[in-house]
Amino acid sequence: MQINPGAAEFPHRQIAAQLKAQVRRGDWAPGERLPSIPAIAEMFGVAKQTVQRAVDQLRVEGILITKPGSGTYVRGTRRRLNRLSRGRYGGFRGYHTDLAARYRQQLVSVGRAPAPPEVADAFGVADGTDLLCRRHLVRTEDSPVEVGASWFLPTDTAGTSLERTEAFGRPLYQEAEEATGRRYVTATDTITARQPSREEAETLQIRPDTPVLHLLHVAYDERRKPVEVAQATWPGPMTTLTEEYQVPAPAADPDPDPGLVLG
């Protein structure tokens, strides 16, 4: 391990690139602890502050994770989100069992809460209107990968199972359709990139300057009235959004007008 003092690249970036290459080669497996900051500094012959900057860079990129009092570890693999929110409805309006096997969703809370602006706008109500909110956290084996919430109108959910603090043995949208008597027909997904809130950064175990991807999912009934407004926030560097689709073949040229003379 060495750096080039004459290179244009800053030393901490050179160190970050070499550490990243070692992770990619498998020198350190996901979940494995790296040597201490002083030990890495000694390997490269640099100050501890330089190594700390390199580690901070790799934390922002989602490659490393620091556990207070324990050390710095290689973060797990990226979370792939195939077909965005469409995956929640499955091929036949069922649950994606492969997602259930890889990720564990934990129900955090259920109750009335003031609607944030984007949720209020989707429902067409005033900011801060009390709506039913079901909050959740999704984890892999090594770390949290998603914080989210599903919002409903209290007039739709009063006295139904959606108000109970319990997880269902089926997808939430199926429970909501039965509880509200309204079927999900269309939906829209809006994704934005932003900085996390303090609570999001703490929950997702990321630095406050690590960007996140934020999804607003609005599901409508046949009258184009929102049934559910869902939010999901993921650590940006650890999340890939992938969608596979068919590319339509070129349309055949229409037959020319037989009465038209060309040339």
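Helices here are DSSP runs of H or I with at least four residues, and strands are runs of E with at least two; both are numbered from the N terminus. The close-ups below all show a predicted model.

**View 1. Confidence across the predicted model.** The protein averages a pLDDT of 86. A score of at least 70 is reached by 86% of the residues.

**View 2. The buried face of helix α2.** Helix α2 covers residues 37-44. Its buried residues are I37, I40, A41 and F44. Seen down the axis of α2, these residues fall within an arc of 105 degrees, so they line one face of the helix. Their cover includes α1 (11-25) and α3 (48-60). Just after α2 comes G45, with a positive phi of about 70 degrees.

**View 3. V23 and its contacts.** V23 sits in helix α1. Leaving aside residues up to four places away in sequence, V23 touches W28, I63 and V74. V23 and L64 are 41 residues apart in sequence. In space, their C-alpha atoms are 9.4 Å apart.

View 4. Strand β1 spans residues 64-67, and strand β2 spans residues 71-74. The two run antiparallel and are joined by four bridges. L64 stands opposite V74 in β2. V74 is also one of the residues that V23 touches. Three residues lie between the strands. In this hairpin, G69 takes a positive phi near 80 degrees.

**View 5. T180 in helix α7.** Helix α7 runs over residues 172-180 and includes T180. T180 counts as buried because its relative accessibility is 16%, below the 20% cut-off. The T180 side chain reaches the backbone oxygen of A176 at 2.7 Å. The T180 side chain also reaches the backbone nitrogen of R182, at 3.2 Å. Apart from residues up to four places away in sequence, T180 touches D156, L162 and V227.

**View 6. The R25–D27 salt bridge.** Side chains of opposite charge can pair when their charged atoms come close. The structure holds 14 salt bridges. One of them pairs R25 with D27, with the closest N and O atoms 2.8 Å apart. R25 is exposed, with a relative accessible area of 57%. D27 counts as partly exposed, at 38% relative accessibility.

**View 7. The R207–D56 salt bridge.** The side chains of R207 and D56 meet at 3.5 Å, N to O. R207 lies in the loop between α8 (198-204) and β8 (212-220), whereas D56 lies in helix α3, so the pair ties together parts that are 151 residues apart in sequence.

View 8. The side chains of E202 and R198 meet in a salt bridge, 3.3 Å from N to O. Both residues lie in helix α8. They are four residues apart, about one turn of the helix. E202 counts as exposed, at 53% relative accessibility. R198 is exposed too, with a relative accessible area of 69%. Elsewhere, salt bridges that share partners join D56, R59, R207 and D209 into one network.

Conventions. Residues are numbered from 1 along each chain as its sequence is written. Side-chain values use heavy atoms; hydrogens and water are left out. Buried means under 20% relative accessible area, exposed over 50%, partly exposed in between (1.4 Å probe, protein chains only). The arc is that of the directions from the helix axis to the C-beta atoms. Contact means heavy atoms within 4.5 Å. pLDDT is the predictor's confidence in each residue, from 0 to 100. Two strands pair if DSSP finds at least two bridges between them. A polar contact is a pair of N or O atoms within 3.5 Å; within protein, one must be able to donate a hydrogen and the other to accept it, and residues adjacent in sequence count only if both atoms are side-chain atoms. A salt bridge is a side-chain nitrogen of Lys or Arg within 4 Å of a carboxyl oxygen of Asp or Glu.
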